[in-house]
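Please look at the sequence and the structure first.

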Amino acid sequence: MRLIKFLPLIIIVLLCIFFFFSLNNDTTKLSSPLVGKDVPKFSVDRLFNSGKMTNEDLISDRPVILNIWSSWCIPCRAEHDVLMVLSELYDVDIYGLNYKDNETEAKNFIEGLGNPFEKIGVDTSGRSAINLGVYGVPETFIIQNGIIIYKHIGPIHMNELDEKILPLIKDL
Amino acid sequence: MKFSFVSIFVCTSILLCFSAFAEETRAINLFKEVRCLVCQGQTIHESNAEIAEDLKTLIREKIVEGKTDKEIKGFLVEKYGDWILMTPPVKELTYVLWFAPIIFMAIGLIVIFRRKKEKA
């Protein structure tokens, strides 16, 4: 009976602990339900070449990276150096999906900063990005055998490349 | 003859108006149930963020294609997860969320009734 008197207090303390930990939960980085599933079908025009870039391009037994970027996206510029390092130093194919961009500006971006991509697809309407569950740029998918292994939201920083992306790729 | 053509024309336009109105109402109701993922606290109905506008266009198109509300929501959940719906679905993971308030209220009521009995 004595315990019952303290029950409300105990509940409140437990709730406080729960809420405290929830506060530190970053809800702007949402896990994707597409992880573990096949890459959704898409087919888009290419930025520099004629022809299409499709989901089939991303099917390989080696790890493949799909990066959604845009020239108007400032974090993408910061991330671009990391992608350049990744493409030059490591044996991994990177594909780009240019999100709701202006063709000339997108081309200038790549010509100015370098091209780490095997192919760049253009998603002017943003519809393919929605199909991929993208809600902002940049976002990056790691894909193997056509299955999404990991999704990174926001720019990949150098330390994240070392700590998250590279170990994942090496394990595949 | 002329009269019947005119009346058919008028009738179809009225019907089209009504169906467009019904579609738009459905679209708006759906907008109010879908979360804007970059603003989070807002629905896409309240938001004019770019992704919210894109999702609105997509929902309108799916309605025109003849998709049901359930199919449209299912598509969004498949791509973005349950978080995109303002009302969390009732499933194993959310049982506590949905039923804990009812259980707590029941416990409270039981305690109150017992006390009253003790006093009586």
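The sections below cover a sheet in chain A, then domains and helices in chain B.

The structure is a predicted model.

## The sheet of chain A

In chain A, seven strands form an open sheet. Their order across the sheet is β2-β1-β5-β4-β3-β6-β7, with mixed pairing. The edges are taken by β2 (52-54) and β7 (147-153) of chain A; each has a single partner strand, so one side of each is left without a neighbour in the sheet. On average, neighbouring strands of this sheet are turned by 30 degrees against each other, direction ignored.

One pairing can be followed in detail. Strand β3 (residues 64-69) of chain A runs antiparallel to strand β6 (residues 139-144) of chain A, and five bridges join the two. Which residue of β6(A) is the bridge partner of A:I65? The partner is A:I142.

## The domains of chain B

The domain assignment divides chain B into domain 1 (2-88) and domain 2 (90-120). The C-alpha centres of these two domains of chain B are 39 Å apart.

## Helix α2 of chain B

Helix α2 of chain B covers residues 50-64, which is 15 residues. From its first C-alpha to its last it reaches 21 Å, close to the 21 Å expected at 1.5 Å a residue.

The buried residues of α2(B) are B:I51, B:A52, B:L55, B:L58 and B:I59. They lie on the same side of α2(B), because they cover an arc of only 120 degrees around the axis. Just after α2(B) comes B:G66, which takes a positive phi of about 95 degrees.

## Helix α3 of chain B

Helix α3 of chain B has 12 residues, 69-80. The distance from its first C-alpha to its last is 16 Å, close to the 16 Å expected at 1.5 Å a residue.

Which residues of α3(B) are buried? They are B:I72, B:L76 and B:Y80. Seen down the axis of α3(B), the buried residues fall within an arc of 45 degrees, so they line one face of the helix. Just after α3(B), B:G81 has a positive phi of about 90 degrees.

Methods
Residues are numbered from 1 along each chain as its sequence is written. Chains are lettered from A and ligands numbered from 1 in the order in which they are written. This is a predicted model: local features need pLDDT of at least 70, side-chain atom pairs count only at pLDDT 80 or more; totals for chains, interfaces and linings use all residues. Helices (H or I, at least four residues) and strands (E, at least two) are DSSP runs, numbered from the N terminus. The expected span of a helix is 1.5 Å times one less than its number of residues. A residue is buried if 20 or more other C-beta atoms lie within 10 Å of its own, exposed if 12 or fewer, and partly exposed in between; C-beta atoms are placed from the backbone. The arc is that of the directions from the helix axis to the C-beta atoms. Domain bounds come from an automatic or database domain assignment. Two strands pair if DSSP finds at least two bridges between them. Axes are lines fitted to C-alpha atoms, for helices over the stretch in contact, and angles run from 0 to 180 degrees between N-to-C directions.
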